Amino acid sequence: KLRQEGHINQLAYWANTLYLRLRKVYPLPPPITLSGIQQKQLNKAIAFCKAAGWDVDTYPIVTVPSAHGGLLALAEDGKIILTEKLYDLGVKQLVSAILEEWTHLRFKLQDESRAMQTHLFDRLVSAKEEVLGEPL
C-alpha cells in the first residue's frame, strides 16, 4: 500500500524488491482524464463489446499513463485498467484489451493460464456452432 501510494522511502529495500518481483509490473500511476478523441474511442469500444453481448462496463474502466515494461492493460482490484498507449493502437486493440481484462474479472481466470486458453477456445467453438446453427 505504501509503495502504491508513492511512499517508497518508508519501505525497506527488500520489501520494495519483493513487491516488484511478485507483481511483475511497476505500481500504476493515477488515472488520467481522456482527451475528446480518446473518450470517443473508448465509447466506441464499449459499445462494440456491449453489442456483442459482453457487459464490460459492469467493471470500472480507467486509463493510466503508459507504464514501464510494455504493459497495455490489467485487471486489478475489480477494475479494467488501460494504458494510454492502447488508444494509439486503435479501437480494435482497445476492444481486445478490454475484453481480455473483463474475461479475467468476470470468470476469475489468471493471465497466461490453461484455464484462460480453454475458456477462449470454448467460446470460439460455441460462436462457430451458433453461426453454423448446429451443435457439436
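## Exercises around Leu109

Leu109 is found in the loop that runs between helix H4 (91-107) and helix H5 (114-132). Keep in mind that this is a predicted model.

**Exercise 1.** Work out whether Leu109 is buried or exposed, and list what Leu109 touches.

*Solution.* Start with the accessibility: the relative accessible area of Leu109 is 14%. The cut-off for buried is under 20%, so Leu109 counts as buried. Next, skip residues up to four places away in sequence; Leu109 then touches Thr103, His104, Ala115, Met116 and His119. Finally, take His119 from that list: Leu109 and His119 are 10 residues apart in sequence, and their C-alpha atoms are 8.7 Å apart in space.

**Exercise 2.** Find the aromatic pair in the whole structure and classify its geometry.

*Solution.* The search turns up one aromatic pair. Its rings belong to Trp102 and Phe107, with centres 5.9 Å apart and planes at 85°. Planes over 60 degrees apart count as edge-to-face, so that's the label for Trp102 and Phe107. One more thing about Phe107: the charged end of Arg106 sits over its ring, 4.8 Å from the centre.

**Exercise 3.** Describe the second largest pocket: what is its volume, which residues line it, and which helix gives the largest share?

*Solution.* Take the volume first: about 290 Å³ for the second largest pocket. Then read off the lining, which includes Ala52, Gly53 and Trp54, as well as Trp102, Thr103, Phe107 and His119. So Trp102 and Phe107, the edge-to-face pair, both turn up in this lining. Now sort by helix: H4 and H5 each supply at least two lining residues, and the largest share, six residues, comes from H4. To finish, sort by class: the lining has six nonpolar, four polar and two charged residues. Glu100 and Arg123 are among the lining residues, and Glu and Arg count as charged.

Methods:
Residues numbered from 1 in each chain as written. Predicted model: local features only at pLDDT ≥ 70, side-chain atom pairs only at ≥ 80, totals over all residues. Heavy atoms only, no water. Helix = DSSP H or I, 4+ residues; strand = E, 2+ residues; numbered from the N terminus. Buried < 20%, exposed > 50% of the residue type's maximum accessible area, 1.4 Å probe, protein only. Contact = heavy atoms within 4.5 Å. 1 Å grid on protein atoms, 1.4 Å probe; cavity = no way out; pocket = protein on both sides within 12 Å on 5 of 7 lines; lining within 4 Å. Points joined across faces, edges and corners; volume = space filled by probe spheres on them. Phe/Tyr/Trp six-rings, centres within 6.5 Å; stacked < 30°, edge-to-face > 60°. Lys NZ or Arg CZ within 6 Å of the ring centre and 35° of its normal.
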